[in-house]
Each structure stands twice: as structure tokens, then as C-alpha cells.
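Hi,

Here is the structure I promised to pass on. Have a look at it first, then read my notes below.

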Amino acid sequence: MRSGNLPFRLWEFDLAVRYLRNRRANGGITVIAIISYVGVMLAVTALIAIMSVVHGLQGQLLGNHLIFNSHVDIAGAAINDPQTRDAMVARLSRVDGVTSVAPYLQLAGIGAASAGNANIYVRSGKDDALQKAGIDQYLVAGSLDAYTRGDGVLIGSDLADNMGLGVGDTLSVTVPVGSGLDLTSSSATYIVSGIFRSNAGRVDATYVYLPWRAAQALLHRNGKWDVVELRTDNPYRVDRMLSDLKRAAGPNSHVVSWKDRDKVIWQALKLEETVMRIILFFVTVIASLSIIAGIVMLVKNKARDIAILRTIGTGKHSIARIFFLSGAMIGTAGTFSGLILGVVIVTWMVPVQKALNGLFHVQTGLVGAAYLPARLDVIEVVFIVIGVLVASCLCALVPALSAARLEPVDALRYE
């Protein structure tokens with residue numbers, strides 16, 4: 001009799017387990033079956049661990065990039081009308097998910113110091129925009145105090161190295177102002193009050209942050225804004241907010257999310273993630289294919305049992321279910337063992353790296369990062385487990401169907 005609504009009989013399950021546990025010289029679980037289990041386990045472990053590191057690296061890269069750049073930009077004629085733009089900022093601040101709204105000035109220019117000149121990108125946020133963005137966490141020298149008072153500027157670490165600048169040194173900034181025949185230049189000299197490192201190449205090599213009033217005077221933008229920058233509580237879901245932000249910004253506004261502005265970076269990261277996922281999943285499928293070899297050997301060793309079962313009236317479907325269960329149990333055991341091992345590795349990745357750094361003085365992180373980051377994505381782990389289980393079951397089905405087709409006389413030929 002069947003057990004409830006299960007698609008197999010209890011005696012079939014019991015026999016499949018006995019075959020896997022049987023340790024006779026020519027029966028039960030084979031070396032190939034053990035290798036299959038280990039292969040599936042290690043493949044699942046690698047897939048979970050590597051994809052977690054990929055997500056961690058992506059999160060760190062984008063996090064560093066978005067600290068120094070907005071999540072959403074508001075531009076257009078709507079920000080140039082002093083009579084309406086304050087009300088627009090208030091409306092934007094009330095949109096669900098928006099954490100800060102700040103006007104910015106920005107323009108490319110040239111920086112000069114005793115060590116030479118360099119192309120720079122001047123930026124300035126009104127009021128406490130940089131503090132809200134959390135840039136103070138990335139300072140490697142100096143502080144925000146002088147910048148907040150309007151007495152100094154912040155520059156990237158690569159720019160400081162290239163120009164031989166340190167805290168307290170002077171930096172001359174020249175920018176173009178006007179347009180057409182009225183195009184001229186504007187210059188001023190500032191004291192470096194802080195140096196930041198974002199580990200985002202262009203930011204560290206070109207960005208110079210000026211206090212708001214100093215930037216207005218340098219750029220000749222008194223009372224004018226270049227862009228309104230928004231930050232959200234979840235930049236990865238900013239697309240869902242665009243319709244609300246457009247309504248809040250009103251007509252004559254241009255709303256651009258960071259995914260559109262930095263489309264090349266975003267698409268490159270998603271492509272890398274997709275290709276890595278496909279490659280690793282094929283590795284997992286290859287490991288699952290070894291289940292076929294293990295069950296084929298099991299069928300060969302149990303040919304006499306198959307003949308006896310068929311002789312006493314056992315149907316082909318029962319034979320197929322027995323060997324399918326044997327293969328499926330190998331895949332299931334390997335999958336969940338790999339799941340546990342993968343989660344443990346990801347959870348303890350940073351402590352292990354710290355231990356390796358302390359014992360062997362080996363740097364296990366990346367440039368600008370003390371440790372290799374890892375972020376476990378629960379949804380992806382679920383898909384990994386389901387995918388490997390399906391692949392394992394399909395691989396177990398092939399030799400199981402072959403065993404079901406064996407007739408008693410043909411099965412005894414293996415003896």
C-alpha cells in the first residue's frame with residue numbers, strides 16, 4: 001500500500017535506503033556514489049560562497065560609488081525658479097523612501113599645486129549634504145570641521161597623491177564660467193582640510209568638494225542650482241519611486257536615477273553576475289551527472305535483486321522508483337550538506353580572513369578593503385537549492401528508467 005498521498009511505497013523507500021547503506025563487497029553504495037555526493041556538496045557550497053562574494057563585491061562597489069553620487073538627480077527648469085523650488089524640495093522630501101534632498105553645484109575644472117596640474121570635478125552640496133551622505137566615514141586624513149565652517153576643501157586620495165597634497169596644503173582651482181563669446185575663467189585658492197578614499201577610481205582621482213558659499217562665488221552661481229540630488233533608503237529599488245518623484249518634482253523637471261546615469265556600470269555588474277551564475281550552475285549540473293554513473297553501477301550490482309523482484313510480481317514502476325529514490329537521496333544529501341557548508345563559510349568568512357591575516361600575515365582582502373566581502377542572498381540560495389535538487393532528480397531518473405526496463409532473464413545475465 002502507498003503511504004498517504006506519497007508517490008512511492010514505504011517498502012520502496014526502505015529498499016532504496018538499504019541499497020545505499022549495504023556495504024557488501026559487490027552491493028550497495030559504490031565509490032562513484034560517494035564521489036557523486038561529495039561532488040554535489042562541494043558544487044553547491046562553491047555556488048553559494050562565490051555568489052555571496054559576488055553580491056558582496058557588488059554591494060561594496062556600488063555603495064562606495066553612491067556615497068559620492070546621488071541616487072536620483074532632479075534637473076531642468078523646475079530647479080531654476082527660486083519661487084517654486086523650495087516647495088518642490090519639500091514635496092520631494094515627503095516621498096516615501098527619500099532620506100535626503102540637497103541642491104548641488106558641479107563643474108569640471110583644473111586643479112593646480114606645486115607638483116603639477118590635474119583635471120578635477122568640482123562639487124558642492126548645500127548645508128549638511130555631505131554629512132547626510134556619510135562621506136565622513138571615508139576620510140583618511142583631516143576632518144569635515146573646516147569644510148563645514150567654509151574654510152577648507154575635501155579632495156580624493158588619488159588626486160592628493162598625484163598632486164603631492166596633504167592636509168593644510170593649498171590647491172588652486174580654475175573653472176570656466178559663462179558661455180560663447182562671454183566665456184571666461186574663474187580661479188581661487190583653497191586649503192585642503194580633508195582627504196577621502198572611496199575606492200571608486202574616478203571619484204578618488206578627480207573629485208574636489210567645495211563649501212557651498214565658496215562654490216557659488218567660484219562658479220558665479222549665486223542663487224542658482226545645477227542639480228537636486230536625492231538619496232533613498234534602498235537605491236536598488238529606486239525605479240519603483242520614479243513615478244512618485246516625477247509627480248513631486250512637477251512639470252519642467254528632468255528626473256534621472258543612478259541606474260540610468262551609470263547604466264554602463266550597472267549593466268556590467270549584472271552581466272558579470274549572470275555569467276558567473278550560469279558558469280557555476282553548469283559546474284553543479286556536471287557534478288550532478290555523476291549520480292548517473294553511481295546509480296548505473298548500483299543497478300548492475302543489484303541485477304539479481306531486480307530479477308527476483310520482477311519474478312515475484314514487482315512492477316516496472318516500483319523498480320524505477322527504488323533506484324530513482326537512491327539517486328535522489330544522494331543528490332538531496334549532497335545539496336543540503338552543501339547548503340549548510342556554504343552558509344557556514346559565508347557566515348564565518350570575515351573571521352576566517354582575520355585569522356589568516358593574523359597567523360600568516362596574508363592579505364585576504366582587496367585593494368582598499370581589509371576583507372573580502374560576502375552577502376548571503378536568501379532568495380538566490382533558495383533557487384540554488386531548488387535548481388540542484390531538480391538536476392539531481394533528473395540525473396537519477398535516467399538510470400532508474402533503464403533499471404525498470406530490465407527483464408528478469410536479462411537481469412540475471414549480469415550475475
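This is a predicted model: local features need pLDDT of at least 70, side-chain atom pairs count only at pLDDT 80 or more; totals for chains, interfaces and linings use all residues.

Residues are numbered from 1 along each chain as its sequence is written, and side-chain values use heavy atoms, with hydrogens and water left out.

Let's begin with the holes inside. A cavity here is a set of points, on a 1 Å grid over the protein atoms alone, where a 1.4 Å probe fits but cannot get out, and its lining residues have an atom within 4 Å of a point. Grid points are joined across faces, edges and corners, and a volume is the space filled by probe spheres set on the points. How many cavities of 30 Å³ or more are there? The count comes to two.

The largest cavity has a volume of about 70 Å³. Its lining is made of S70, S100, V101, A102, Y104, A129, K132, E229 and R231. Strand 2 (98-113), helix 4 (129-133) and strand 9 (227-232) each give at least two of the lining residues, and strand 2 has the largest share, with four. (Helices, H or I of at least four residues, and strands, E of at least two, are DSSP runs numbered from the N terminus.) By type, the lining has four nonpolar, two polar and three charged residues. In this scheme Ala, Val, Leu, Ile, Met, Phe, Trp, Tyr, Cys and Pro are nonpolar, Asp, Glu, Lys and Arg are charged, and the others, Gly among them, are polar.

The second largest cavity has a volume of about 30 Å³. Around it you'll find I48, M51, S52, H55, L376, D377, E380, V381 and I384.

Take a closer look at S52, which sits in helix 2 (residues 31-67). Is S52 buried or exposed? S52 counts as buried because its relative accessibility is 3%; buried means under 20% relative accessible area, exposed over 50%, and partly exposed in between (1.4 Å probe, protein chains only). Leaving out residues up to four places away in sequence, S52 touches V346, P373, A374, R375 and L376, where a contact means heavy atoms within 4.5 Å.

Now for helix 3 (residues 85-93), where R85, M88, V89 and L92 are buried. They cover an arc of only 100 degrees around the axis, so they are on the same side of helix 3. The arc is that of the directions from the helix axis to the C-beta atoms. A handy rule: an α-helix has 3.6 residues a turn, so residues three or four places apart point the same way. The buried residues of helix 3 pack against strand 1 (72-75), strand 2, strand 9 and helix 9 (242-249).

In helix 9 itself, L242, L245, A248 and A249 are buried. These fall within an arc of 125 degrees seen down the axis, so they line one face of helix 9. Just after helix 9, G250 takes a positive phi of about 85 degrees.

Last, the cysteines. There are zero disulfides (pairs of cysteine sulfur atoms within 2.5 Å). For C393, the nearest cysteine sulfur is that of C395, 9.3 Å away. C393 is partly exposed at 26% relative accessibility, while C395 is buried, at 6%.

Enjoy exploring!

Terms used
On a 1 Å grid over the protein atoms alone, a cavity is a set of points where a 1.4 Å probe fits but cannot get out, and a pocket is an open set with protein on both sides within 12 Å along at least five of seven lines; lining residues have an atom within 4 Å of a point.
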